Amino acid sequence: MSGQIHQDSWQRMRQDLRALFEATGLPMRQIGPASQAAGYTGSPTSLSTLSSYLTIVDQPIGTDTVILEGLVAQLLALTRATGHPAAEVWADTRGWKHRWELLKEQPEDGRPQLPLLGAPARGVFACWDGAGDDVLLSEHTEASWLVHPRLGRLAAVVGELHHLALPVEAARLAQILRDTAARLFPADAEQTLAARHVAAYWTGEAGDAEAARVETSVLLSDCLAALGTDHPLSHLARLRLAVCEERCGNIARARRLFHSCVDDADFPGRLQLLARLGLARSLEDIDGAEAARQLDGLLPELRDTCGSNHPTVLAARLDSAMARLACGANPAAIMPVVEELVSEAVSLLGNDHPVTLRIRTRHVLSLDLETPGAERFEELATTVLRDVRRVRGDLHVSVFYLRSMQATLILLRDPREGHRLLEALAQETREHLGDRHPATLSAQYHAIVSTFDSGKDEEIRSLDQWLPRATEVLGRRSRIVQTARHLRVLAIALSAGEEAARPLYEQLVAELTQELGEDHPDTLFARVGQAFVLAECLSPHQARLLVEALLCDQIRVLGSDHWTVLLMRRSVCRLTQTLEGSATTLPAYTQLLADYERVHGTDHPHTRSWRECTNAIRAALEYVPEKRQYWENRLATQSPDADPADGLGPLTSRVVLAELTLDSEGPTAAVPLYEELLPELEIHQRHRPSTQRARHVLEAAGVSPVFPWRTLLRS
């Protein structure tokens, strides 16, 4: 056996494969359609890959046996009826796969790493999304790649740089490939247009999305003029242009192009599938729920077409997770999914693959900055930023988003320095990407809100200037636009007071309900802000009714563990404590604390702050007997003829005893005391907080005290 191993070679295996192909008696271009007519049910092998595999060189046939297995199955389907001897070598699937593995393990013996002639292992159009696999050029064009040494070498090196995740270097070589083809072939020849495709694609992968968009737009026009609308290069150019528009932030334009690809009945199967993926992805910012629905529907198809571990499938799984996050899903449920994707991508593709970098970037950008130990996120963001810069260049859009994240993390520990960095980044992003790029608008937004904790008029004016442009570029339904509209109203509440913000919140909620629907997460979140504002304008009883109604809608739509649901439960607890006392409310406080610990962990800031509130209530209840004894003794020594308006008189002692009764025994015991007290309080201490609380307790209990109008008028 060992002697056979040394006599065998990749060149011999390629010769056997070539013999099986020649036994079909068909040209390369007809293999796919003919094999399907003969009963083959898998995806046809692209002409680029077929040409590469049938080239007689002493180099491995592909990087694994998956694509080769499909090709062999097609060729066997075409030779089964004739029983050609060439098929015997390949009929034993386990045997030829074992042969492939043995050759893969065989020492190189000084053989060159790249073929002297021929395209890279995955064809001229090697790319991570697999779009090039559906591009079948004429045999004449494929042959011209193979017979010209310089083109073959350049194409092979570009392919190897692709596998090594070196897009900047691949882009440089692809430009040389394009220029070489332009000198060898006419401007409207397939060969020249194909080389321009390769160059435009790698320009984008290297980080210059705008240059790639311009190149691809011109290329699409030239392909349509020279080759017609149904040519594979025309189809590929239209899909690539949609992706370029998306990367440049022209989402609406990208969506239209994706739509045109999907609606074209002649669009090749894999390209149409990728167009449907792009269309679903483009909905994330304006309708996360619909984007998630479409992406989840596409994933089985993508797995069947590409395989579960294909970069496109990993990217689609990321898009699905991000869409769910965009439509209000609980981050605590989504982030573990993203973290698992990071591990899978690193394991399957390596740290520097474009899809791995994208997944790692989105993971960092989605982190909860209030999580305990958030300082470690700065190191994580710095690591990902370094890798993106090294692989994709300083001007890749991910670099600007990651730098914004870095500045935000610095803002948490050094507000002045963080704000300075965000303002500088907003200016730099504008210079490199232009006024209308989403990354520019995002950087400007974060610079504005970095000083928004007090609702200053200057920041409100800045937001008023930013909103119209962002709405025009991103659309009124964009999540960042919706958030900014909400933030503006909240800032006005901080600056001018709740009463000034109340009509603005009513208008915002009405608009969002009309635009998005009453159950949309953004509408519900606006109602959260509205509830907090109204809680300052309404009585606690009215506010609790409002918040409880909102809480029911939130739980129905978002689930009981969503962070805004927990926030509203805080509000219900506090309002109930005001109306029914501490002892009655303590079980609700305790249950909410347990839910915080379960959902966020014991060290999360929200958990810690609520634990402090719960412990304070327990401690206060322990002192109630001692306090009650003190105030009862004091009341017993006070003169009943003392001035009722005196804040230290017997009326005040009775009020304190009523409050202690409410806190320790609940409203049933306290309501009779408040009924007796309120008429006197309305006369003598009408504007004090204790009088307001007495009114609120009785209102919540459904008691309408007789108001002493005549006594008040006489006084």
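Trainee: Which residues touch the most other members in the largest nonpolar core?

Mentor: This is a predicted model. In its largest nonpolar core, which has 30 residues, they are L239, F258, L277, L298 and L302.

Trainee: Which helices each supply at least two residues of this core?

Mentor: α13 (232-247), α14 (251-263), α15 (269-281), α16 (288-306) and α17 (311-326).

Trainee: What does L302 touch, leaving out residues up to four places away in sequence?

Mentor: L273, L277, G307, T312, V313 and A316. There is also a second, separate core of 22 residues. L54, L68, L71 and L76 are among its members.

Trainee: New topic. At what angle do α29 and α30 pack?

Mentor: About 165 degrees, with the axes 9 Å apart. α29 spans residues 563-580 and α30 spans residues 582-600.

Trainee: Left-handed or right-handed crossing?

Mentor: α29 passes α30 in a left-handed crossing.

Trainee: Which residues make the contact?

Mentor: From α29, they include W563, L566, L567, R569 and R570. From α30, A588, Y589, L592 and D595 are among them. By type, the contact residues divide into nine nonpolar, seven polar and five charged.

Trainee: Buried or exposed?

Mentor: R14 is buried, because its relative accessible area is 4% and the cut-off for buried is under 20%.

Trainee: How many residues apart along the chain are R14 and Y53?

Mentor: They are 39 residues apart, and their C-alpha atoms are separated by 7.0 Å.

Conventions:
Residues numbered from 1 in each chain as written. Predicted model: local features only at pLDDT ≥ 70, side-chain atom pairs only at ≥ 80, totals over all residues. Heavy atoms only, no water. Core = buried A, V, L, I, M, F, W, Y, C linked by side-chain atoms within 4.5 Å. Buried < 20%, exposed > 50% of the residue type's maximum accessible area, 1.4 Å probe, protein only. Helix = DSSP H or I, 4+ residues; strand = E, 2+ residues; numbered from the N terminus. Contact = heavy atoms within 4.5 Å. Axes fitted to C-alpha atoms, helices over the stretch in contact; angles between N-to-C directions. Left-handed = near helix turned anticlockwise from the far one by under 90°. Nonpolar A, V, L, I, M, F, W, Y, C, P; charged D, E, K, R; others polar.
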